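Please look over the structure first.

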Amino acid sequence: MKLTLWTYEGPPHVGAMRIATAMKGLHYVLHAPQGDTYADLLFTMIERRNHRPPVTYTTFQARDLGADTANLFKDAARDAFARFQPQAMIVGASCTAELIQDDPGGLAEALALPIPVIPLDLPSYSRKENFGADETFFQIVKALARPVARTDAMTCNLLGPTALGFRHRDDVTELTRLLAAMGIAVNVCAPLDATPADIARLGAAHFNVLMYPETAETAARHLEKALGQPFTKTVPIGTGATRDFLDEVATITGLPVPPETGLRQPWYAASVDSTYLTGKRVFIFGDGTHAIAAARIAAREIGFDVVGLGCYNREQARPVRAAAKAHGVEALITDDYLEVEAEIARLQPELILGTQMERHIAKRLGIPCAVISAPVHVQDFPARYSPQMGFEGANVIFDTWVHPLVMGLEEHLLTMFREDFEFHDAAGPSHHGGKAQLRAGAPVDAAEASGGDISAKMKGEATDGAEVIWLAEAERELKKIPFFVRGKARRNTEKFAADKGVTAISIDTLYEAKAHYAR
């Protein structure tokens with residue numbers, strides 16, 4: 001463990017809370033000190049849920065450590081059963097309570113409650129949130145799912161959607177519609193909105209759809225082994241992946257693939273209006289599932305150039321490394337956001353696809369960004385229908401990724417015309433009918449304000465490591481270049497200057513470099 005200002009994943013008990021909060025009729029008794037109750041806010045504030053997580057905390061304090069904390073846990077478990085009357089209960093300890101070794105599972109078993117009580121053994125100091133969610137769901141499935149007769153009609157289970165998941169609610173709706181078009185009904189969706197009784201009838205389905213490997217792969221493998229249910233390996237995020245998913249389902253079931261409906265992304269990406277997207281340098285970081293899917297979409301379906309790819313959850317490191325190799329880059333596997341920021345600054349991409357943390361990094365570096373993966377903030381739990389999976393998800397992804405670039409173009413145009421008599425900052429908004437005021441002859445920047453000293457305002461690094469200085473007049477000229485090629489123009493100019501032995505880039509150097517690379 002290490003001290004940090006921001007983290008991609010919480011401790012494992014937060015993953016267990018995501019499972020408990022997603023389900024109905026399940027209660028989580030968590031042996032934890034008073035301060036660990038902060039996790040409630042993740043669901044009520046960020047996800048905007050209209051009810052608290054079904055979690056009872058023992059909330060022991062420092063003075064309780066000299067007494068019998070085990071009795072505190074037993075009283076909390078007994079009271080939680082009496083108050084909430086759940087169908088099943090999971091019990092465990094937070095990272096702090098793990099140190100006092102009270103054994104919540106053994107204590108709960110001794111109470112002999114008349115419901116299934118499932119103990120969780122989550123290693124708080126070596127694993128993190130996604131592991132906690134995956135292990136918790138696996139233990140629930142292992143304890144409750146039993147062999148039952150298959151349904152007469154073709155059915156499947158949707159496995160993996162949880163509370164606090166990135167667009168999980170809408171992904172479930174989209175996949176349900178997609179499968180219905182093939183004549184396949186959903187037997188159980190779990191853990192989202194499932195009850196312990198629903199878990200018990202998972203075996204009635206003919207196969208399982210693994211939506212999110214981070215939270216349900218262990219359970220899917222268990223069901224394949226214990227109940228003979230195959231599961232899908234393709235995550236249907238993007239046009240190509242959705243087509244591959246439908247082909248995989250057809251292979252499992254023997255049913256035909258239905259005609260595609262509502263898919264607009266391929267035409268939008270191929271249209272002349274999207275030619276400016278081709279070759280955009282993009283950096284991708286998130287959980288393994290969404291990062292791999294985003295890289296495939298970016299490279300194959302939109303025409304971006306993937307210059308960086310990585311994930312924060314080490315459980316997905318192997319497939320992410322394989323995907324990065326296929327794209328010709330080295331994978332970045334880290335949970336340190338400072339390492340991610342340093343890599344982005346080094347690569348200078350034109351678009352970042354990442355988590356809420358990468359959104360903050362992008363703001364600091366002035367790079368367009370779209371969020372593709374948890375962890376996310378409140379704005380990425382929209383009231384509107386906004387899936388990531390299926391054909392409608394492909395449409396949503398195209399719009400989401402392109403809009404930051406379009407807005408960037410608008411910002412560039414405003415910047416380009418900022419010195420115009422009609423559009424400068426003091427002119428007032430035109431839609432209010434204000435009369436444009438002529439701009440006073442203020443200096444353009446601090447360099448001119450200091451008496452014309454056009455010393456360096458922007459520094460670069462040449463390929464040989466030598467420092468290259470941009471003169472203020474050249475910097476102003478560089479800003480007139482559209483943002484979507486500005487990074488390339490800067491890199492080419494710095495390389496040209498280094499090759500010519502120039503250490504201070506002027507306007508002449510900029511245009512000489514342009515002429516050189518135009519040959």
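## The largest cavity

α11 gives the most residues to the lining of the largest cavity: three. By class, the lining has six nonpolar, two polar and no charged residues. (Ala, Val, Leu, Ile, Met, Phe, Trp, Tyr, Cys and Pro count as nonpolar; Asp, Glu, Lys and Arg as charged; the others, Gly among them, as polar.)

The largest cavity holds about 50 Å³ of space. The count comes to one cavity of 30 Å³ or more. A cavity here is a set of points, on a 1 Å grid over the protein atoms alone, where a 1.4 Å probe fits but cannot get out; lining residues have an atom within 4 Å of a point. Points are joined across faces, edges and corners, and the volume is the space filled by probe spheres set on them.

## Basis of the model

This is a predicted model: local features need pLDDT of at least 70 and side-chain atom pairs pLDDT 80 or more, while totals for chains, interfaces and linings use all residues. Residues are numbered from 1 along each chain as its sequence is written, and side-chain values use heavy atoms, with hydrogens and water left out.

## Helices α13 and α14

Helix α13 (residues 337–347) packs on helix α14 (residues 356–365) at about 45°, with axes 10 Å apart. (Axes are lines fitted to C-alpha atoms over the stretch in contact; angles run from 0 to 180 degrees between N-to-C directions.) The pair is therefore oblique. (Under 35 degrees is roughly parallel, over 145 roughly antiparallel, 65 to 115 roughly perpendicular, and the rest oblique.) The crossing is right-handed, meaning that the near helix is turned clockwise from the far one by less than a right angle.

Tyr337, Val340, Glu341, Ile344 and Ala345 of α13 meet Met357, Glu358, Ile361, Arg364 and Leu365 of α14. (Contact means heavy atoms within 4.5 Å.) This contact has seven nonpolar, no polar and three charged residues.

## Helices α3 and α4

Helix α3 (residues 69–84) and helix α4 (residues 104–111) pack at about 55°, with axes 10 Å apart. They are therefore oblique to each other. α3 passes α4 in a right-handed crossing.

On α3, the contact uses Ala70, Phe73, Lys74, Ala77 and Arg78; on α4, Pro104, Leu107, Ala108 and Leu111. These residues divide into seven nonpolar, no polar and two charged.

Note on methods: Helices (H or I, at least four residues) and strands (E, at least two) are DSSP runs, numbered from the N terminus. On a 1 Å grid over the protein atoms alone, a cavity is a set of points where a 1.4 Å probe fits but cannot get out, and a pocket is an open set with protein on both sides within 12 Å along at least five of seven lines; lining residues have an atom within 4 Å of a point.
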